[in-house]
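Please read these notes with the coordinates open. They are set out as numbered points.

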Amino acid sequence: MKKLSIYILSLTMITGAFAQKLDRSKVPAPAPAPKINLSQPATFTLPNGLKVFVVENHKLPKVAFSLSLDVDPVLEGDMKGYVDITGQLLERGTTNRTKQQLDEEIDFIGATLSTSANGVYASSLKKHQAKILEILSDVVLNSDFKQEELDKLKKQTISGIASSKDDPDAIAANVRSVLIYGKKHPYGEITTEETVENVTLEACKNYYKTYFRPNVSYLAVVGDVSVKEIQPLIEKYFAAWEKADVPVNKYKMPAAPKQTEVAFVHKEGASQSVINITYPVNLKKSNPDVVKTRILNSILGGSATARLFMNLREKHGYTYGAYSTLSADELVGYFNANAKVRNDVTDSALTQFMVELNRIADEKVTADELQGMKNYASGIFAYTLQDPQTIARFAIETEKYKLPADYYATYMEQIAAVTVDDVKEMAEKYITPNNAIILVVGNKKIADKLTEFDADQKISYYDIYGNDYVEALKPAPEGVTAETVMNKYIEAKYGVAKGKALDKKLKKIKDITVRMDASIQGQSINVTRYQKAPNKFANAITMGTMVIQKQTFNGTTGKSSGMQGNEDITGDDLEDLKFSSVMFLDAKYTDHGITYELLGVEPINGEDAYKMVQTKPNGETETEWFNVASGLKVKSMSVQENDKMPEPITVVTELSDYKEVNGIMFAHKTKQVFGPQTLDMTVTAVEINTKLGDEVFE
Amino acid sequence: MKKILISTALCLAVFTGANAQANKIKFEQFKLDNGLNVILHQDKSTPIVAVTVLYHVGSKNEDPNRTGFAHFFEHLLFEGSENIGRGEYMKMVSSNGGILNANTSFDRTFYFEILPSNQLELGLWMEAERMLHAKIDETGVETQREVVKEEYRQSFENRPYGSFLMEMFGRAFEEHPYQWVPIGSLEHLNQAKIEEFRDFYKTWYVPNNATLSIAGDFDIKQAKQWINKYFSEIPKGTKKIERPTIVEPEKKKEIRDTVYDNVQLPAVMMGYHTPAQGTPDAYAVEMLAQILSQGNSSRLQKSIVDEQQKALFVGAFPFPTEDPGLSLMFGIANMGVAINDLEVAIDKEVEKVQNELISEEEFQKMKNQIESDMVSKNAKVEGIAENLANYHVYYGDANLINTEIDRYMKVTREDLKRVANKYFRKDNRVVLHYLPKEK
């Protein structure tokens, strides 16, 4: 009996356990909050003023050294870029080691070392700590600036600038700095090909000598070390570093715009608009508002759960991500709200940005929202402590920005103290959508839709460096008309003004053969063009002895033959061919119903040219440019459609290297770009009146 | 003289072994009845905990007419669950002091939360929600479709050279599903019906296809109780899990093409067919890439970037994959350098490793670098959790986190020369030239 009951009892208990399904609707409550113990790094100062912080962390057998400078930024002017280059030059050789030796020695022990204008970072396994520290000190104390290395760096920097010209983020970052800070502020200077070209070795050396000084430097040592073992090493390698007075540079505080402005940078072919809503902010790191503004920004746009993200991505699907930043800085901080959105929702996305920027200042955030973000901020704070570098950074920042000694030790408490009213107050003070720059880098097709966001309803256009974008086309001077341009062209090309004398000259020419060498996609081909009065035409493309393509018009019928098969040219194509086969059509354009319209003057390859639109009798148009000085045609552009092509393509032809043959100027160089392809042609011979037989045109 | 050198190298090697031993990562591993693999690593140095789940599904497991599914799920599974409201998933983590993210590769999808250590139970509950009954409905699919489209524009269309992997793998593979990349096809996502998404979820998001890996500050006994509580009653998957068995036929002819893109500087990219990760040759291939491009003294850096100044950037990247994949090289030409010139210069460096044995010293440098890299790999708890899961899923041995270094150390100088000749052949590669699109 007894046995059984126990059996039954245990059975019911088991079934009970199974039947009692877990209530998953209950969100688990947190366990008691963990204590965070912020260890204080050990510090010591060398007689030359170098302040050292040591953070012991024995988790991994590694050690990292990070030397950072505490100096004011300098204005670099027309050599902008030289300070960064100085930073990169540091690791390119010392008086004791060539660049190759440095690289070899660092790589050999599996270490890393990187230098910048703000300092030097190196790390290695603990067993190599003395070696890497010695190399680090060699770089800092004995860097040897060589012209050859500067030249290499300049070349690379310039290539880098070239490659980022197409990067909408890089463009936005450049233009944003100019618009926020102005070009006369160190944060608003932009590195361009020209400024890098101007950099001198002298300027780099000078920067190094002036600013790389122990009395303005901090050295953080983090990892598997003790003060006892590392202090003698640091003294050994850094005692010889000489201290010196370092200049202090002051700058005017940039002002936010008086009212909101829309700035637009056109990017050809962009499928997305890069949006930045931005302005400068006066917020130093030591300002007691800083912790509160961090909470404010994390509610607004600091993460993938903040309001901007939830609205623009999760609710509307406009973007992959929308964020905001409110940065504190000793010189000048900034606010920036940003997203990349597809072209057709650019205006809708801006509307939502504005809704959120206004809402955060107009309405109080909820207590829940605030608590969530406070938890998040505390969590992130704990997370960053995983990296022992954080402890070193805290200690250096406390010193550098003159923060209260217990600033980071009490950081979690400061977060906990932020109230709903604090957030509103901070938003009113720092989130100012009515005094902002709305910068959009994108396709100008959509720009008009953004006018309403500008207080003056007027969009300002900028180039990729934040200069005012100037419409290149200028009006033509008084007295110049389409007709005078064409007359000048005809006279320049044929050596005789339009009239009887010209007719007579042209009549004497019975046929023309133009032979050209060309290359397309790396392949060499030959192109020969034949013309015979009055309107016979042939064009042959050959590669070696093989005819790739030939097109002929015998005055009545047209053919195309070659690798893609033979075909008669008919219909509109035949009409076009018939029309364009007329010899000296440009000299007789009025007789054939061609009209021109003069649009203005714009530079082509640095020289002014008249921009004209040609209209043929069938209504087709082509844009042509005629050099103002020489009168000759330098460029043409037309959009061509063909049943075989998925979409119309633009054909651009550039003509240059005009040379006289039999009293007529022929362009000896032609560059034709159609779609992604470029055809470069060079004339090797122009033959006149060689008695071309009619068979050439059959 | 020679003797001394050899003995120094020997000493270093011995020392290396000893060192790796000293920093052994301890972990516990077990399997629930429903097939869920669990790995636990305790590290109390910071009061945080990383909760991660690896689902062994990536783009290679997709229907060729439904590419992009695996990556799409990485988005969809943040939409919510039966007990987590729409859009609340991320908020719940962040408002409890955590961060989260996920990523998708050819071979697997990985989710993680890093939470304050007192929120471990929350993390487990949330991952169980995702595994048991995630919300898969029209609204969520619609929202995430738009988001993925934007990701596509941002990462592939608008970023210079952003389409590189797509263009490369698309040409390199004709049979194997590596021919499409995880972002997949937007068109396929548009065509897919809600039932297809639900079916994918039921097939792949099951405990027997998942590994729960936890690292950080927690109590092991307590963690096991919670894991049991939240995960043990999730039913095992009933649908058949089929993995691709297609073997890409051996290549006999170089594939060469030109891509016109919104770039300013021409670039050359090469992809050589190389063996699956974890195979002895894969380690040699990886080390070969390292000789070519890790550190300023590496061959491509030194010769092409610094001395010849032909490239703004050049690098060799092994691209480890579960099935045989590609080892990649990528060079951006300096201004005014013809792309063919750069290609020839890279080829010359490859020829050198094919023809000459690397020196003892260079070989030692490489080993030192590997030792350092292996240490750094485990600097963070989330990295440890992910590495443990990867080692378990790909090789069935999580302890490789401690021992994989031995596999590298087994590779000889002769192996390097051999694999250079075996795999880095011109007829075994795809070469792409990226040229600026004319405007």
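This is a predicted model: local features need pLDDT of at least 70, side-chain atom pairs count only at pLDDT 80 or more; totals for chains, interfaces and linings use all residues.

1. Residues are numbered from 1 along each chain as its sequence is written, while chains are lettered from A and ligands numbered from 1 in the order in which they are written.

2. Helices (H or I, at least four residues) and strands (E, at least two) are DSSP runs, numbered from the N terminus. Helix α14 of chain A, residues 388–400, spans 19 Å between its first and last C-alpha, close to the 18 Å expected for its 13 residues at 1.5 Å a residue; the expected span is 1.5 Å times one less than the number of residues.

3. Buried residues of α14(A) include A:Pro388, A:Ile391, A:Phe394 and A:Ile396 (buried: 20 or more other C-beta atoms within 10 Å of its own, with C-beta atoms placed from the backbone). Their cover includes β2 (51–56), β3 (62–69) and β6 (217–223) of chain A. Just after the helix, A:Lys402 has a positive phi of about 50°.

4. Chain A has an open sheet of six strands in the order β9-β10-β8-β11-β7-β12, with mixed pairing (two strands pair if DSSP finds at least two bridges between them). Its edge strands, β9 (319–327) and β12 (460–462) of chain A, each pair on one side only. On average, neighbouring strands of this sheet are turned by 20° against each other, direction ignored.

5. Within chain A, β8 (272–281) and β11 (437–442) run antiparallel and are joined by five bridges. A:Val274 is opposite A:Val441 of β11(A). Helix α6 (168–181) of chain A lies across β7 (261–266), β8, β10 (333–342), β11 and β12 of chain A, at about 25° to β8(A). Axes are lines fitted to C-alpha atoms, for helices over the stretch in contact, and angles run from 0 to 180 degrees between N-to-C directions.

6. How are α10(A) and α16(A) packed? Helix α10 (289–300) and helix α16 (420–430) of chain A meet at an angle of about 90°, with their axes 9 Å apart. The pair therefore counts as roughly perpendicular (the class covers 65 to 115 degrees). Residues of α10(A) including A:Leu296 and A:Ile299 meet residues of α16(A) including A:Met426 and A:Tyr430. By class, this contact has seven nonpolar, one polar and three charged residues. Ala, Val, Leu, Ile, Met, Phe, Trp, Tyr, Cys and Pro count as nonpolar, Asp, Glu, Lys and Arg as charged, and the others, Gly among them, as polar.

7. Between the chains, 63 residues of chain B are in contact with 64 residues of chain A (contact: C-beta atoms, placed from the backbone, within 7 Å). The largest share of the chain B side, eight residues, comes from α5(B). That side has 19 nonpolar, 27 polar and 17 charged residues.

8. In chain B, β1 (28–31) and β2 (37–42) run antiparallel and are joined by four bridges, with B:Gln29 opposite B:Ile39. These two strands form a hairpin with five residues between them, and B:Gly35 in the turn has a positive phi of about 95°.

9. Chain B also has an open sheet of five strands, in the order β7-β11-β8-β10-β9 and with mixed pairing. The twist averages 15° from one strand to the next. Eight bridges pair β8 (267–274) with β10 (325–333) of chain B in the antiparallel sense. Helix α12 (339–355) of chain B lies across β8, β9, β10 and β11 (429–436) of chain B, at about 130° to β10(B).

Notes:
A residue is buried if 20 or more other C-beta atoms lie within 10 Å of its own, exposed if 12 or fewer, and partly exposed in between; C-beta atoms are placed from the backbone. Two residues are in contact if their C-beta atoms, placed from the backbone, lie within 7 Å. Angles under 35 degrees count as roughly parallel, over 145 as roughly antiparallel, 65 to 115 as roughly perpendicular and the rest as oblique.
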